[in-house]
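Please load the coordinates and follow along.

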Amino acid sequence: MDKKINPLWVRFGQQVRYHREQAGVSQSQLTKLMTIEPAMLSAIERGTRRAKADHAQQIDKALSTGGKLSRLLESLTTNNGSPSWFRDILALEKQATEIDEYDPILIPGLLQVEGYARTILRDGRPGDSDAEIEELVQSRMKRKALLGGGQPPRVLVVLDEMAVRRPVGGHAIMTAQLQNLLDATANSYVVVQVVPFATHRHPGLSGAFRLLRGPEIGEILYLETAIGGSPVDDTDHVANCTHMFGDLRGVALPPDKSREFIADVIKGGF
């Protein structure tokens with residue numbers, strides 16, 4: 001990659017191009033609604049020039065994005081000790097009034113205890129130093145403050161039975177993790193449901209996803225992989241995952257039965 005190209009600038013530029021093309025607007029047409037030259041907009045889209053906050057605001061207004069590019073730019077340039085892709089979800093979670101999450105393998109980050117998070121990060125990032133892992137662990141723990149605020153979001157989580165039974169970190173850590181699920185779901189705004197192994201038609205075998213909703217962010221799908229994560233606001237993708245989440249809740253055990261199931265796993269061991 002050209003040394004002048006910053007990957008964060010590239011990511012922002014890709015989103016500018018995506019929204020511009022979705023609106024059916026050329027670069028020339030867009031710059032007529034802004035205070036920058038076509039060459040500057042082209043450089044921003046290629047990732048060779050850094051966009052400023054007023055650029056993002058002007059593009060948001062011209063393309064009627066609802067402020068999505070401004071929020072993306074802020075999340076990419078805010079430095080709080082987390083990787084840039086991780087900062088995206090931190091910003092979105094703070095603005096969400098509802099978070100729907102499905103994971104077939106692991107307990108989601110918002111509900112993880114420290115030992116569980118440390119085990120996952122250490123095993124998944126063998127090239128990182130202990131200091132780097134610890135910084136990520138503490139960033140993840142800070143996310144949990146979201147659930148202790150005055151107006152926490154409603155959190156609906158669907159887990160596959162695998163996520164509940166996999167003994168991440170050993171017996172003591174996993175017991176603490178499952179107990180944390182029971183403690184969290186004692187609050188009315190946190191709901192956890194479990195899809196049993198016995199489910200014959202499982203609609204969530206394609207992988208984990210997260211849906212975030214709120215008046216400031218609209219409806220956003222967030223996909224995370226081993227090397228990063230990214231928000232997706234494509235209407236069709238969001239609608240498909242919203243429908244899938246409803247199907248997952250339909251095949252999962254009801255909330256009270258899921259709590260009993262988790263308690264039984266704690267009693268029975270792993």
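## Handedness of the α10–α12 crossing

A crossing is left-handed if the near helix is turned anticlockwise from the far one by less than a right angle, and right-handed if clockwise. By that rule, α10 passes α12 in a left-handed crossing. The model shown here is predicted.

The axes of α10 and α12 come within 10 Å and cross at roughly 160°. Angles over 145 degrees count as roughly antiparallel, so α10 is roughly antiparallel to α12. On the α10 side, T175, L178, Q179, L181 and L182 make the contact. On the α12 side, their partners are R259, I262, A263, V265 and I266. Sorted by type, the residues of the α10–α12 contact are seven nonpolar, two polar and one charged.

## The largest nonpolar core

How many residues does the largest nonpolar core have? It has 34. Those with the most contacts inside it are L111, L159, V164, L178, L212 and I262. The helices are α6 (84–95), α7, α9 (161–165), α10 and α12 (255–268). The strands are β2 (154–160), β3 (190–195) and β5 (218–225). Which element gives the most? It is α10, with five residues.

Leaving out residues up to four places away in sequence, L178 touches V164, I262, V265, I266 and F270. Another core lies apart from the largest one. This other core has 16 residues, including M34, I36, A56 and L72. In soluble globular proteins, nonpolar side chains tend to be buried together.

## Helix α7 and its cover

Helix α7 spans residues 114–124. Which of its residues are buried? They are Y116, A117, T119, I120 and L121. An α-helix has 3.6 residues a turn, so residues three or four places apart point the same way. The cover over the buried residues of α7 includes α8 (130–143) and α10 (171–184).

## α7 against α8

The axes of α7 and α8 are 9 Å apart, and the angle is about 135°. That makes α7 oblique to α8. The crossing of these two helices, α7 and α8, is right-handed.

From α7, the contact uses E114, A117, R118, L121 and R122. From α8, it uses D130, I133, E134, L136, V137, Q138, R140 and M141. The residues of the α7–α8 contact comprise six nonpolar, one polar and six charged.

## α7 against α10

Here the angle between α7 and α10 is about 120°, with the axes 8 Å apart. The two helices, α7 and α10, are therefore oblique to each other.

G115, Y116 and T119 of α7 meet I173, M174 and Q177 of α10. What types make up this contact of α7 with α10? Three residues are nonpolar, three are polar and none is charged.

P104 sits in the loop between β1 (98–103) and α7. Its relative accessibility is 18%, and the cut-off for buried is under 20%, so P104 counts as buried. Leaving out residues up to four places away in sequence, P104 touches D160, M162, A163, G207 and A208. P104 and V195 are 91 residues apart along the chain, yet their C-alpha atoms are separated by 8.8 Å.

R20 belongs to helix α1 (residues 7–22). Is this arginine buried or exposed? At 9% relative accessibility, R20 counts as buried. R20 touches V25, S26, Q27, L30, E45 and L63, again leaving out residues up to four places away in sequence.

S139 lies in helix α8. S139 also counts as buried, at 9% relative accessibility.

S64 is not a glycine, although its phi is positive, at about 55°. Where is S64 placed? It is in the loop between α4 (53–63) and α5 (68–77). S64 is exposed, with a relative accessible area of 65%.

Definitions and conventions. Residues numbered from 1 in each chain as written. Predicted model: local features only at pLDDT ≥ 70, side-chain atom pairs only at ≥ 80, totals over all residues. Heavy atoms only, no water. Buried < 20%, exposed > 50% of the residue type's maximum accessible area, 1.4 Å probe, protein only. Helix = DSSP H or I, 4+ residues; strand = E, 2+ residues; numbered from the N terminus. Contact = heavy atoms within 4.5 Å. Core = buried A, V, L, I, M, F, W, Y, C linked by side-chain atoms within 4.5 Å. Axes fitted to C-alpha atoms, helices over the stretch in contact; angles between N-to-C directions. Parallel < 35°, antiparallel > 145°, perpendicular 65-115°, else oblique. Nonpolar A, V, L, I, M, F, W, Y, C, P; charged D, E, K, R; others polar.
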